[in-house]
Amino acid sequence: MEYTINIKGRLMDLSTPQVMGILNVTPDSFYSGSRKQTEMEIAQRANQIIEEGGSIIDVGAFSTRPGADEVSEEEEGRRLKFALDIVRREQPDAAVSVDTYRPTLARKCIEEWGADIINDVSEGGITGIANVPLEQKQEEYPEMFRVVGELKVPYILMSVQPTLETMMKGFAKEVQQLRDLGAKDIILDPGFGFGKNLIQNYQIYNEMEKLNVMELPVLVGISRKSMIYKLLGGDATTSLNGTSVLDTIALMKGASILRVHDVKEAAEAVKIIEAMKEGRTW
């Protein structure tokens with residue numbers, strides 16, 4: 001399907017799948033190779049993502065891996081501002097997403113610190129770090145949805161549901177809530193690894209193309225996750241091949257964005273699938 005999203009007045013065409021490179025400014029993200037904390041490391045990573053074929057830089061400052069330490073809102077904000085300033089200096093024309101479930105920080109990142117997209121792993125506040133429920137006000141709409149509706153920026157809505165059926169029911173309700181509040185560009189993320197066991201992850205992967213009925217772009221983020229090495233053995237450091245296999249399958253099932261640690265390999269997968277679709281011969 002052909003989609004475009006509005007990045008502060010510039011249209012990004014998703015008819016060719018895009019690659020989102022992960023930039024974690026945390027000391028404890030599950031894949032040690034993604035952790036960047038100094039100014040030089042952050043700058044190098046931002047440039048590497050674009051040079052290797054990425055078009056979106058996803059900045060996160062709070063690890064959501066199971067067992068990760070809680071990070072205060074003040075500390076997460078400090079890390080995000082520090083990183084976003086560097087990313088914007090190095091790559092002023094790149095699309096930048098911010099990986100946070102905190103509405104106040106999401107607003108600051110968009111309005112003050114130069115981010116373009118909100119990437120919310122909490123499904124609007126259902127869960128937070130390691131699937132721990134967040135405290136929610138008793139109101140009709142999640143606060144994050146209100147922020148997205150006001151700012152009208154692209155929003156990645158990630159599901160924490162364990163089955164495709166419950167996921168699609170949740171998405172249908174949440175997309176309508178977002179539309180009611182004025183949200184424009186909504187991207188769906190099945191949320192592999194969040195609220196799902198190993199079998200459920202692969203069951204959803206097997207039927208993922210059914211999400212296309214919602215007529216919204218789909219983001220897939222399975223890069224080096226435990227669903228790979230729990231099946232194949234090893235750990236995150238040995239899971240690049242499994243990641244590439246699953247990224248390729250996701251593209252064949254209609255994914256519009258791949259969120260990855262290894263940008264070059266994902267960009268190559270996109271190029272191969274696009275060539276296959278076009279029936280090029282040499």
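Visitor: How do you know that both faces of β8 are covered?
Guide: Check who sits on each side: Ile186 and Leu188 are on one face, Ile187 and Asp189 on the other, and all are buried. Buried means under 20% relative accessible area, exposed means over 50%, and partly exposed is in between, with a 1.4 Å probe and protein chains only. In a regular strand the side chains alternate between the two faces of the sheet.

Visitor: What sort of model is this?
Guide: It's a predicted model: local features need pLDDT of at least 70, side-chain atom pairs count only at pLDDT 80 or more, and totals for chains, interfaces and linings use all residues. Residues are numbered from 1 along each chain as its sequence is written, and side-chain values use heavy atoms, with hydrogens and water left out.

Visitor: What makes β7 and β8 a pair?
Guide: The rule is that two strands pair if DSSP finds at least two bridges between them. β7 (residues 155-158) and β8 have four bridges, in the parallel sense, so they pass. Leu157 has Leu188 as its bridge partner in β8, and Met158 stands opposite Asp189.

Visitor: Why is β8 called an edge strand?
Guide: The open sheet has eight strands with parallel pairing, in the order β8-β7-β6-β5-β4-β3-β10-β9. β8 (186-189) and β9 (219-220) each pair on one side only, which puts them at the edges. Helix α1 (residues 39-51) packs on this sheet, touching β3 (18-24), β4 (56-60) and β10 (257-260), and runs at about 170° to β3. Such angles go from 0 to 180 degrees between N-to-C directions, using lines fitted to C-alpha atoms, for helices over the stretch in contact.

Visitor: How many helices and strands does the protein chain have?
Guide: Nine helices and 10 strands.

Visitor: Why does Ser55 count as buried rather than exposed?
Guide: Ser55 comes in at 18% relative accessibility, so it falls on the buried side of the cut-off. You'll find Ser55 in the loop between α1 and β4.

Visitor: What makes the link between the side chains of Ser55 and Gln18 a polar contact?
Guide: The distance is 2.7 Å. A polar contact is a pair of N or O atoms within 3.5 Å; within protein, one must be able to donate a hydrogen and the other to accept it, and residues adjacent in sequence count only if both atoms are side-chain atoms. Leaving aside residues up to four places away in sequence, Ser55 also touches Met12, Val19, Ile50 and Ala95, among others; touching, or contact, means heavy atoms within 4.5 Å.

Visitor: What makes a group of residues a nonpolar core?
Guide: Its members are buried Ala, Val, Leu, Ile, Met, Phe, Trp, Tyr and Cys residues joined through side-chain atoms within 4.5 Å. The largest one here has 64 residues, and Val59, Leu80, Ile118, Leu157, Tyr205 and Val220 touch the most other members. Helix α9 gives the most to this core, with six residues. There's also a second, separate core of 13 residues, including Ile5 and Leu219.

Visitor: Why is Lys152 called partly exposed?
Guide: Its relative accessible area is 41%, so Lys152 lands in the middle class. Lys152 sits in the loop between α4 (143-151) and β7, and its phi is positive, near 55°, though it isn't a glycine.

Visitor: And Arg224, is it buried or exposed?
Guide: Buried, because its relative accessible area is 4%. Arg224 lies in the loop between β9 and α7 (226-232) and has a positive phi of about 60° without being a glycine.

Technical notes
Helix = DSSP H or I, 4+ residues; strand = E, 2+ residues; numbered from the N terminus.
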